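Good morning, and thank you for making time for this presentation. I would ask you to keep the structure in view while I speak.

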Protein chains: 6
Amino acid sequence: MLLHLSTWPEVETYLQSSRGIILPIGSTEQHGPTGLIGTDAICAEAIAKGVGETTQALVGPTINVGMALHHMAFPGSMSLRPSTLIAVIQDYLTSLTQAGFQRFFFINGHGGNIATLKAAFSETYHHLALLRIPGAEQVQCKVGNWFMCSSVYNLAKELYGLQEGSHATPSEVALTQYVHPEAIKKAPLSEKVASGYPIYGAADFRRHYPDGRMGSNPALATPTHGKQFYELAVKELSNTYLEFLKKGD
Amino acid sequence: MLLHLSTWPEVETYLQSSRGIILPIGSTEQHGPTGLIGTDAICAEAIAKGVGETTQALVGPTINVGMALHHMAFPGSMSLRPSTLIAVIQDYLTSLTQAGFQRFFFINGHGGNIATLKAAFSETYHHLALLRIPGAEQVQCKVGNWFMCSSVYNLAKELYGLQEGSHATPSEVALTQYVHPEAIKKAPLSEKVASGYPIYGAADFRRHYPDGRMGSNPALATPTHGKQFYELAVKELSNTYLEFLKKGD
Amino acid sequence: MLLHLSTWPEVETYLQSSRGIILPIGSTEQHGPTGLIGTDAICAEAIAKGVGETTQALVGPTINVGMALHHMAFPGSMSLRPSTLIAVIQDYLTSLTQAGFQRFFFINGHGGNIATLKAAFSETYHHLALLRIPGAEQVQCKVGNWFMCSSVYNLAKELYGLQEGSHATPSEVALTQYVHPEAIKKAPLSEKVASGYPIYGAADFRRHYPDGRMGSNPALATPTHGKQFYELAVKELSNTYLEFLKKGD
Amino acid sequence: MLLHLSTWPEVETYLQSSRGIILPIGSTEQHGPTGLIGTDAICAEAIAKGVGETTQALVGPTINVGMALHHMAFPGSMSLRPSTLIAVIQDYLTSLTQAGFQRFFFINGHGGNIATLKAAFSETYHHLALLRIPGAEQVQCKVGNWFMCSSVYNLAKELYGLQEGSHATPSEVALTQYVHPEAIKKAPLSEKVASGYPIYGAADFRRHYPDGRMGSNPALATPTHGKQFYELAVKELSNTYLEFLKKGD
Amino acid sequence: MLLHLSTWPEVETYLQSSRGIILPIGSTEQHGPTGLIGTDAICAEAIAKGVGETTQALVGPTINVGMALHHMAFPGSMSLRPSTLIAVIQDYLTSLTQAGFQRFFFINGHGGNIATLKAAFSETYHHLALLRIPGAEQVQCKVGNWFMCSSVYNLAKELYGLQEGSHATPSEVALTQYVHPEAIKKAPLSEKVASGYPIYGAADFRRHYPDGRMGSNPALATPTHGKQFYELAVKELSNTYLEFLKKGD
Amino acid sequence: MLLHLSTWPEVETYLQSSRGIILPIGSTEQHGPTGLIGTDAICAEAIAKGVGETTQALVGPTINVGMALHHMAFPGSMSLRPSTLIAVIQDYLTSLTQAGFQRFFFINGHGGNIATLKAAFSETYHHLALLRIPGAEQVQCKVGNWFMCSSVYNLAKELYGLQEGSHATPSEVALTQYVHPEAIKKAPLSEKVASGYPIYGAADFRRHYPDGRMGSNPALATPTHGKQFYELAVKELSNTYLEFLKKGD
């Protein structure tokens, strides 16, 4: 059930049986010479919809732009500052908590969002509690990173080994190929690819990762792989979500 | 050309021939008993894609949650505070200006966004100029509200007369029916519908507009109407965008 | 009744019969070669006092500096950023709501303030409601732009036709001449005056409007005209204010 | 020379001979049973105009609402939060520094503003320097508190002794009587008046100072005294301003 | 009793007999060629511990970095912006007020903190009251500046006369020598030392005070003096704290 | 070399041979019935000093209060909101970058700080780059969590097995016992201790972890263990710091 395709009375009805909502969060950032700039949002949204169908959960609108300041030296990348993203998350959760939601499951497509999301959750619990919004003390947030699902991780290892890398990975590229077969890109990829250098600022990042990839070989990706990743992630995160709902009781 | 389905080298190439980008902005808010909560985002995104195809313009990711604080008393509605939305817009435009973009055309689906967008543009021009980001003085922003296109307005008047109303209107509902025929909702609508009362806070809004509609009869909407609205809006806003690009020269 | 010329016990008494207050808001910005930098504040303050006398309303202190970032390339112009103005409005209304005021009528002298004021009202309704300040849900704000009064508009059209323009207009200059006859300025004005170009950043504005006027011929202004504008605006906005108080009931 | 009664070319000319500007800052807050709510703004503005005439300095618009949070339990009082006032001052000085001003002399009517003004100056020096705005390193700010002028202090002591008190003082009331003889208020004043208790929050303040006075007997004020205070303050602060301009060289 | 060396049950017990806490605040800034960068924090912390022992008060953790923007042109100096320091103080006091603390005695080692601390107290009283945190209306804050204790001042005058100066003073250097005899620094000091110039921005400060001292001769300091200053400050501020606790009742 | 025990000329000299600085960050929060509230700050500071001695690095002042909002239901706990901590870190690094520092190694004593620190680093890289502060693009930050050192982890496992737990652990308590043998606390500890429940808001945390411990048995701690942990952490983090300095070249 997609929030965007629902009416408010339908949401009112939904709240009588569940306090949970799934919120996909991605990023808009370079993914190497062949990866889509929307990769992280596309993956998060597709998987979130799948989890929503599997678990009958409501799925909110996708946060398309996340925390990707280190990618800013590549054109087409967009980012919120962490303090802006904290304000966004706080506003989202204040809206939804006032309506009665209490379990927020963020399906996340971008490693760079994790730290800020955690900071935002802390700030929001505190904010809602200080304001004594009804239900504030029951609010719980959780991040589900699809690319960190053990089933996904294992398949990626099996299919790509070390060529999975850590950004513009074949697994995420494969997933976007499955979701958007009309947008499969080809470009020559140098065999040698930088890896292992830590992430600092944007200029430093581009100096060390000149084509945007981090240790990955996205040429290995296929739409069929993408379907596999999709199904594994949906299955694993559906379980995570259902346990999250239960545990909170 | 969708930013999310492009690679960074493709964006680099695009920037050699154009400095313009289209940014759809919607809202996540109640639209009466039968209107979709995502109506404003769905309309803005669909039309933006259409304009992008017509004009060969790059289309950025949709801002799904806008300024809808006055709808907060209806479950499922979400909103940024105006100060948060200003920060979001500033971050978006800072990212894109650094990459070389200079013409930002927001295709907007929600009247409640207009004031904050204008405020955000002023704040951003100032911010970019103070930081002396290269190109800052050439940056120009423009809002295109599809529902205020004269062709759209005239068709709505012709089809629905006064029953168009001003929120959860048959024209916007029709457009969502065209885009999402699988999500056409039916619900009894009282014949009498509140209208003409100004918008203040959320509780006050719900007191005066108990089912969320403002003077509208969305039962008049059909997917065929939606197609007409879509085509008129795409045509008119495509012209607006092309003129915007030219004027700036 | 001016707040600044009242004592707190007088305000306490006033609140027993009215919850309304008038807040003049202007700007401090260039108004062409002959217009006063304080034009918008002078007009708003004078008219607000007139409306206060006509309606027995309390008139608060004038906000002298508004949102005029696009005029910053002309010396003597001052501006708040929109986010600062939102904070200012929120602080004003928080103070006054706590004392029992609930109807805030902003008499505005500057078009550039309108968007930010609207954004500020939304942010403030939400803020007061979240804090559950007593009376928060009854708070209502309204902007009365004196230069958009239909009677004012018609007279300006009649007296000046197209030479009214849209900034440093003869009508606003006339009003300042009526209020401050000791400060009537003369300077050569080029016959040709820029007009029709949209407003972006400050440097861009000055490039397109080199002497600060937007399509206007302020040389047509006379103090006698100013008196007429003053009287029309006071009359029309007094009615608007009284209806605003009533409607809110 | 008042900024509000000047044109931008006049300011441009002024800047060729002086980099200084006077900015009056007051407050909108209770001043006991007979003191005007606008007392601090009225005094600061009147004296600033006097200093402007004496020294040929440009006088900017009055900041009518200052930092008066501790007076909020008395109706009619208004306040900015310190963080808002810091943003306001920063915006003012950013505007004016960009135009070429470098000496900012705040003529202040309210003790409660002093700490926040000092904080704001520090924040602004830093802000302007980080942005490397031309002239930023020459910017200097100074507060002139008229009520702390030694000549004013001595006269108050001579006329009122201990009954001068520290808020709603006869000296400031006298000054407003001189400026606004039409608004002289009478009300019974208890002979016993609280004094010596430090200032904390608003509720605490009203508990300890139930009628708003702090140790003062404003019934001693006369318009003639007011004229004397006015003239002493204008003379002393004119000298202070001229020395401030010189020292900065 | 140091908060950092206590357990939460010990704090719970403490709160049954006292609502007071001492918070040392210093600065991290240049103190001339021989003064320690941590001087203000070292002095504040040492004296706070002494006052804690004398009065059985709980002593919180030291704020090591304060408002020292004007010292930023000397390497090793660190500063919060005033608006950041206000947020820090507000967060500290919100935490502690929620636990039941109501009397906050800041023992301060740096003149540059005073204005911002006062601003922060005002902002915090207001913040806590708006949120209606239990006990908010009883919250009281006070700054005790050890270097302004009359006993300290008199001794400094007696020992050093005019060579006490106003920054990098022999009295504060002496106190650090007493606390950290292992870190007594020697360096040639020019006999002539700048003094009397007001404080503006950082570059301006360094231009006028090239070695960082303001009119002082820290070569006069001895650890024995330091001990005397320490004992005087502890005694005087212990009395101040005890009176502060009493008065609030 | 401690920044607080250095003079600015010493820092100037230091910068000629190193761009690195160590910044200890702790927290002020409950650590169970016997753990010190200052545990995380004490550990971070002690280890940072050790690393500074080992590596000849400059050690800045300790951040005593971190992000501990989830501990706020236990008296004596203090916390910054994440957005405040981001501002603090940004101010620290802006100060130090302007002086020429480029490698910031945070020695961290509290898991709850990690996410916000990472967010703060991203925000700061971006901030410094936008302002084009000289050296901004060379700035690199790194967190060293002493409790996550592999040598520390292994020893804790060996000594305590599962009774190490994850908050108020015997390893951190041991380290404080080594540093502060005068403050070893005894209190009855229930044998059964909650564990495994995720962290949400403060009230929820206390509901699930009623005495503050998370799965730990701090009664196993001894000062001798503490010395071992101290030495292992100093050794391991000294290597990490030296590699960090090298890598950045």
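I will take the interfaces of chain B in turn, and then a few individual residues.

Please bear in mind throughout that this is a predicted model.

Let me begin with chain B and chain A. A rotation of 180 degrees, with 0.0 Å of shift along its axis, superposes chain B on chain A, and the RMSD is 0.0 Å. In chain B, the C-alpha nearest that axis belongs to B:T84, at 3.5 Å from it.

How many residues are in contact across this interface? On the side of chain B there are 53, and they are in contact with 53 residues of chain A. Three residues, B:H4, B:L5 and B:W8, supply 19% of the area that chain B buries against chain A, more than any other three residues. The area buried between the two chains is about 4,000 Å², and carbon and sulfur atoms give 64% of that. Of the interface residues of chain B, 100% are also interface residues in chain A, so the copies meet through the same surface.

One salt bridge joins A:E10 and B:K185, with the closest N and O atoms 2.8 Å apart. As for the elements involved, α1 (8-17), α2 (39-55) and α3 of chain B each supply at least two residues of the side that touches chain A. The largest share comes from α3(B), with nine residues. By class, this side of chain B has 26 nonpolar, 19 polar and eight charged residues.

How much area do chain B and chain C bury between them? The figure is about 2,200 Å², with 62% of it on carbon and sulfur atoms. Within chain B, the residues that lose the most area to chain C are B:E123, B:E137 and B:Y200, which together account for 24% of what that side buries. In terms of contacts, 27 residues of chain B meet 27 residues of chain C. Again, 100% of the interface residues of chain B are also interface residues in chain C, so the copies meet through the same surface.

Between chain B and chain C the count is two salt bridges. In one of them, B:R207 pairs with C:E137, the closest N and O atoms being 3.8 Å apart.

Some chain pairs do not touch. No contact joins chain B and chain E, and their closest C-alpha atoms lie 17 Å apart. Likewise, chain C and chain F have no contact, with closest C-alpha atoms 17 Å apart.

Is B:H70 buried or exposed? Its relative accessibility is 9%, below the 20% limit, and B:H70 therefore counts as buried. Leaving aside residues up to four places away in sequence, B:H70 touches B:H110, B:I199, B:Y200, B:G201, B:A202 and B:F205. The side chains of B:H70 and B:H71 are joined by a polar contact of 3.4 Å.

Finally, two residues of chain A deserve a look at their backbone. A:Q56 is not a glycine, yet has a positive phi of about 60 degrees. A:Q56 is placed in the loop between α2 (39-55) and β2 (58-59) of chain A, and at 61% relative accessibility it counts as exposed. A:R132, also a residue other than glycine, has a positive phi near 50 degrees. A:R132 lies in the loop between α4 (114-130) and β4 (140-145) of chain A, and with 41% relative accessibility it counts as partly exposed.

Conventions: Residues numbered from 1 in each chain as written. Chains lettered and ligands numbered in written order. Predicted model: local features only at pLDDT ≥ 70, side-chain atom pairs only at ≥ 80, totals over all residues. Heavy atoms only, no water. Contact = heavy atoms within 4.5 Å. Buried area = accessible area lost by both parts, 1.4 Å probe. Salt bridge = Lys/Arg side-chain N within 4 Å of Asp/Glu carboxyl O. Buried < 20%, exposed > 50% of the residue type's maximum accessible area, 1.4 Å probe, protein only. Polar contact = N/O pair within 3.5 Å; in protein donor to acceptor, adjacent residues only side chain to side chain. Least-squares fit on C-alpha atoms with pLDDT ≥ 70 in both. Helix = DSSP H or I, 4+ residues; strand = E, 2+ residues; numbered from the N terminus. Nonpolar A, V, L, I, M, F, W, Y, C, P; charged D, E, K, R; others polar.
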